Amino acid sequence: MNRKKFITFITNFGMLIASGGLFRTTLMGATENALAKNTGLKKRFAMGIRVNECIGCGSCVVACKTENNVPKEPFYFRTWVERYLIKKDDSVVIHSINGGLETISDSFKEKNILRSFFVPKLCNHCDNPPCAQVCPVGATFQTEDGIVLVDENRCIGCGYCLQACPYGARYIRPATHTADKCTLCYHRIKRGLAPACVEVCPTQARVFGDLESGASPLVRLKRMKNTHVLKPSLNTEPKVFYTDLDGVVR
Amino acid sequence: MNIETSTGLAALLKQVTGYIYPNEIEIQWSILIVVYPYITGLVAGAFILASLVKVFNVKEVLPTYRLSLLTALSFLIVAPLPLLFHLGHPLRSFEIFLTPNLSSAMAMFAFVYAWYLMVVLLLEIWFEYRTDLIRWSEKEKFPTNWFYKVISLFSTDTSQKAVTFDKKAIQAITIIGIPSAFILHGYVGFIFGSIKANPWWSSVLMPIVFLFSAIVSGIALVLILYMIITPSRGEPLDMKCLDKVASFLLYAIIIDFSLEVLDFIHRLYESEESIKILSDMVMNRLFLSLVVMQILLGMLLPLGVLILIKISKFNDELRKLLYFVSAILIQIGIFSTRWNVVFGGQMFSKSFRGLTTYKLEILGTDGLLSALILLILPFVILAILLKILPPWGRRLDNLDEKEALAG
């Protein structure tokens, strides 16, 4: 083999691998689009959180862990609840309510409390999700109905999505070594049920619904109340809408 | 669920200060991800030093030319390993080639890497060594001669025309190689710099800072290798070469330092939402690795020494000693830089209200031992490459030359 042939061979080989990869990606994209068209009306699932209604009982955390087989240890959460204590000097003390995994008994130890409230957190199912943007193999993707999911059979466990998520909503599932996070209980909502956390909330602080449907309780909430999203400056366009959200919450 | 992991994380929980999101307790990118940009930086830096000879015609550094290329190759071969070992599913890594997500910076790694290895380094080394390979294949005994025949790809043409073509090809490859080296390491910087959720990483300067720190570390590494290998072969060090390499090292450090100072001042002056937690982190978590190791020992001290050598007239022996010590300090400094980037970006909570900490494991795929093995491996590969492709010509040639001189 002379030099020229060798160089041509190497170049062709490289291009063959690259084009194979591109072809497979395009093909898969086309299949997904075709599937989406067959599912009928377009939906955009989202969640509302009524901050003033949350009593910090942690039922949602327990329900989520049970429903979705989330590891019980207090380092892995698809949803969690934060308790904010705003003190008279404007300083903020925050604790996480880990569904009874950790007891907060210091409520009255803190002095000079101005006010206190709870904020449930979960994946924001961003319309512009940085996690899906950075996933090197497309294991994190957006469904046609606006939910961000992880394909655990495709995820290579690089952890880049955890770095890219501004909300700390992801963790690596120890059993599978793959990224995991809230799916809005996709397996339930596709059957017309509410997500587990919404189902168990005793005060209806969590409101689930389809943003495309005028009859949805979430659309009604958005019509009646001012809502906010977390970290709007990052342009992730979150789909978890908070009412009565305090400015100190990040 | 691994009980050890659980206990480990529970112990870490006690060291958390302020409030962090509950999923943030575990640091995801370990020491292996520190090793990765460190190694790719050395590749890019060593290649830039090599290109000084061919593109910018800096004749003084010629003795380091082949050594730089082989150094770059040995480190490039190891570069993907820390990434691979770090993956939760290393066996799925080929998915990056098969179904790359084109919007992901990380997915581009495979292409950047393949391009750099195949089109730049291997080709340049092949053209550089081609005539030598032919010569060695003729002179060596079986089976070594066949080995050289195979890696010369059965090329036999040593005519003047072919040699001229080799030179032209090398020039062309180096010209492509410089932007490629920039892309290789600038891209690694982009992986961090493009994460908008992370104010410690998110900066347009990140790829450029990575690049110049890469050049600094690569030049310093070749300087160290040259200073160790040459005397061990019983040959004198070329002081002109050393001085020139050290000059380029000094210029690169000045640019790198200026960029880092600019980044620091810019952050401090803008004083964004994250400034409090980042200052807290620098003072309480990264003080030793950032202020002491990276800035004082790894940057200011060698910078001062190299400037002192420039303005004073030290004798050869003292200069050698100071160059060597500076280059070692620079390696420590740049490794600390990578450490501070990787861990700094993960120790503060994205709630900007608390800090977690990193506990270095000794054993395990993510531990210190793996990192050390991956840092030593390129030197083993380099030793083998130096044996196969000696930059100084084979002993056989030297004997021939001696015979010719004697004759």
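The dialogue below takes up a residue, then an interface, then a whole chain.

Modeller: Please keep in mind throughout that this is a predicted model.

Colleague: Is A:Lys65 buried or exposed, and why?

Modeller: Burial is read by counting neighbouring C-beta atoms, with 20 or more within 10 Å as the cut-off for a buried residue. A:Lys65 has 21 C-beta neighbours inside 10 Å and therefore counts as buried. As for its place in the chain, A:Lys65 belongs to helix 2 of chain A, which covers residues 59-68, and its C-alpha atom is separated by 19 Å from that of A:His95, 30 residues apart along the chain.

Colleague: How many residues of chain A are in contact with chain B, and which element of chain A gives the most to that side?

Modeller: An interface can be read by its residue counts, then by element and by residue class. Here 50 residues of chain A are in contact with 45 residues of chain B. Helix 1 of chain A gives the most to the side that touches chain B, namely 11 residues, while the elements giving two or more residues also include strand 3 (92-97) and helix 3 (130-134) of chain A. By class, that side of chain A divides into 30 nonpolar, 14 polar and 6 charged residues.

Colleague: What is the secondary structure of chain B, and how compact is chain B?

Modeller: Chain B comes to 15 helices and 2 strands. Its radius of gyration is 23 Å, close to the 22 Å that the globule rule gives for 407 residues, so chain B is as compact as a globular protein of that length. Of these 407 residues, 43% count as buried.

Technical notes: Residues are numbered from 1 along each chain as its sequence is written. Chains are lettered from A and ligands numbered from 1 in the order in which they are written. This is a predicted model: local features need pLDDT of at least 70, side-chain atom pairs count only at pLDDT 80 or more; totals for chains, interfaces and linings use all residues. Helices (H or I, at least four residues) and strands (E, at least two) are DSSP runs, numbered from the N terminus. A residue is buried if 20 or more other C-beta atoms lie within 10 Å of its own, exposed if 12 or fewer, and partly exposed in between; C-beta atoms are placed from the backbone. Two residues are in contact if their C-beta atoms, placed from the backbone, lie within 7 Å. Ala, Val, Leu, Ile, Met, Phe, Trp, Tyr, Cys and Pro count as nonpolar, Asp, Glu, Lys and Arg as charged, and the others, Gly among them, as polar. The radius of gyration is taken over C-alpha atoms; the globule rule is 2.2 Å times the number of residues to the power 0.38.
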